[in-house]
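Biologist: Hello! I'd like to go through this model with you and ask what stands behind each label. Shall we start?

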Amino acid sequence: MKKEWNMMSGRSAFKLSTLTLFTVLFCTEFVRSAFLFSFLPNFAVNQSGHTVALVGLAVSLHYAADTLIKAIAGYLLDRFSLRWLLPATFVLMLTGLAAVFFSPHVWWLVAGSVMLGMGASPIWLICMEKIRMTERAAQMGAIYTVWLACMGLGPVTINLTFDYGFEPAFRLMLALLAVGCIASFAINRATPLHLLNVSFADQAAGLRKKLVQLKWLLPGMILQMTAAGLLLPIMPGFAADHLGLSQPQYSLMLMLGGAGAMLFLVPMGKLADRWGHKQMLVAGFVSLTAILVLLAVSMPPPALTMLLAFMLGLSYSAVLPAWNAVLSYLVPDDQKGTGWGVLSGIEGLGIMIGPVIGGWVASQYTNAAAISISAALLAILALFYLILPQNKLVSACGTSQHKKEYSHEPDRGS
């Protein structure tokens, strides 16, 4: 009886810890997506009179800071208490947000974006580290569901406040960061973090090893994040100027895109397991390319735009599970923190350069031109994965791991 009570108490404690962690993740990613996708482009251009190119630079440096912190996360977590490190990151984000909103100087806008990137960076790795191997698929799905919900809810909610000016949006983001900061005090190290035992030198050695393993995946990792980064600084302007959408319509477009991704994330993941990761990646990138081309070269009516936004989210749901499945085979169980940190850092290179290119192209030419370049990169990716041999995409080691994991499951045909 006592043993059963202890087991129940352990499960309850784990669920409470997970709920607290998801609360922190929600507050962080809600504010980050709201800031990058909506608040920063609108506030910088319409309120402060800055250029789209400057917005692109600020977004790129935000992700540069995020990538840098991920690369040294093990070093930081080894030397600072998690109980105080997480609240400190929220204080940094709060400071960055205040710098963007209150300072008239252009470089404070950039510095504030950097501080937000530095503060938000460790949360994702800590979430990955808290995953129990016996429930990896379910917990990974939960983490991505929270993240996708934030990606949609953040910009949509902030857009709805713009009718009353930028101050209500700022106060809402400030309040959520305060909630996240308070919740972060409850996160402890009851579940050990593998990151803690990995020195910075070991991470550097792991990086060299991973780069050798990733030689066939590096082009795709960087290009697909560059294609996504191109869209970050120009989406609000593209929706208003090219598509002729109002703020409420733009909010609806984002909601439908997020709904398309969330509704089909699990079914597409199952389909990728049965059909093949390579095939799903090709299909997803072809679909994304076609939809972006349609949006760039035409001016569809609002109803068709909403349908295309939903299809864009659906196409993304085809790419995300397949891509993360491929990457998961490269992450050793004994160094998950280092592995995910290295992979996130490499992908961060694309998201760092994409917004700079997108902002510059939009300033020199048009927002539609930036959309077209993003579509061209996605088309190159579709062709790349089409001609890439299966054994280069998923190594023999990864295939063996996949078979081993599924050998413990009951026969689906029985």
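Modeller: Gladly. The buried residues of helix α10 (residues 235-242) are M235, P236, F238, A239 and H242. After α10 comes G244, with a positive phi near 70°. Please keep in mind that this is a predicted model: local features need pLDDT of at least 70, side-chain atom pairs count only at pLDDT 80 or more, and totals for chains, interfaces and linings use all residues. Residues are numbered from 1 along each chain as its sequence is written, and side-chain values use heavy atoms, with hydrogens and water left out.

Biologist: What makes a run of residues a helix here, and what makes a residue buried?

Modeller: Helices are DSSP runs of H or I with at least four residues, strands are runs of E with at least two, and both are numbered from the N terminus. Buried means under 20% relative accessible area, exposed means over 50%, and partly exposed is in between (1.4 Å probe, protein chains only).

Biologist: How many salt bridges does the structure hold?

Modeller: It holds three salt bridges. The term asks for a side-chain nitrogen of Lys or Arg within 4 Å of a carboxyl oxygen of Asp or Glu.

Biologist: Why is the pair R32 and E29 called a salt bridge?

Modeller: Their side chains come together at 3.4 Å, N to O, and that distance is within the limit, so the name applies. R32 and E29 sit three residues apart in helix α1 (residues 2-47), which means about one helical turn between them. E29 has 5% relative accessibility, so it counts as buried.

Biologist: And how do you know whether R32 is buried or exposed?

Modeller: The relative accessibility of R32 is 10%, so R32 counts as buried. The side chain of R32 also meets that of D66 in a salt bridge, at 3.0 Å, N to O. This pair links distant parts of the chain, with D66 in helix α2 (residues 52-71) and R32 in helix α1, 34 residues apart. D66 is buried as well, at 6% relative accessible area.

Biologist: What do we know about R171 and E167?

Modeller: They form a salt bridge whose closest N and O atoms are 2.6 Å apart. The two lie four residues apart in helix α7 (residues 167-184), so about one helical turn separates them. R171 counts as exposed because its relative accessibility is 55%, whereas E167, at 41%, is partly exposed. Shared partners, meanwhile, join the salt bridges of E29, R32 and D66 into one network.

Biologist: Which residues touch the most other members of the largest nonpolar core?

Modeller: In that core of 56 residues, they are F35, F39, L40 and M173. Helices α1, α2, α4 (82-102), α5 (106-129), α6 (136-161), α7 and α11 each supply at least two residues. The most come from α1, which gives 15 residues. Another core, of 50 residues, lies apart from it, and L245, A272, A318 and A375 are among its members. A nonpolar core is a set of buried Ala, Val, Leu, Ile, Met, Phe, Trp, Tyr and Cys residues joined through side-chain atoms within 4.5 Å.

Biologist: How do you know that the span of helix α11 agrees with its residue count?

Modeller: The expected span is 1.5 Å times one less than the number of residues. For the 29 residues of α11 (residues 247-275) this should be 42 Å, and the end C-alpha atoms are 39 Å apart, which agrees.

Biologist: Where is the kink in α11?

Modeller: At L265, shortly before the proline P267, and the kink is about 50°. That bend is the angle between axes fitted to the seven residues ending there and the seven starting there. L265 is among the buried residues of α11, which also include Y250, M253 and M268. L263, in the helix α11 too, is exposed because its relative accessible area is 57%. Just after α11, G276 takes a positive phi of about 125°.

Biologist: Last one: what makes K278 buried?

Modeller: Its relative accessibility is 16%, so K278 counts as buried. K278 belongs to helix α12 (residues 277-297). Beyond residues up to four places away in sequence, K278 touches Y385, L386, L388, P389, Q390 and L393, where contact means heavy atoms within 4.5 Å.
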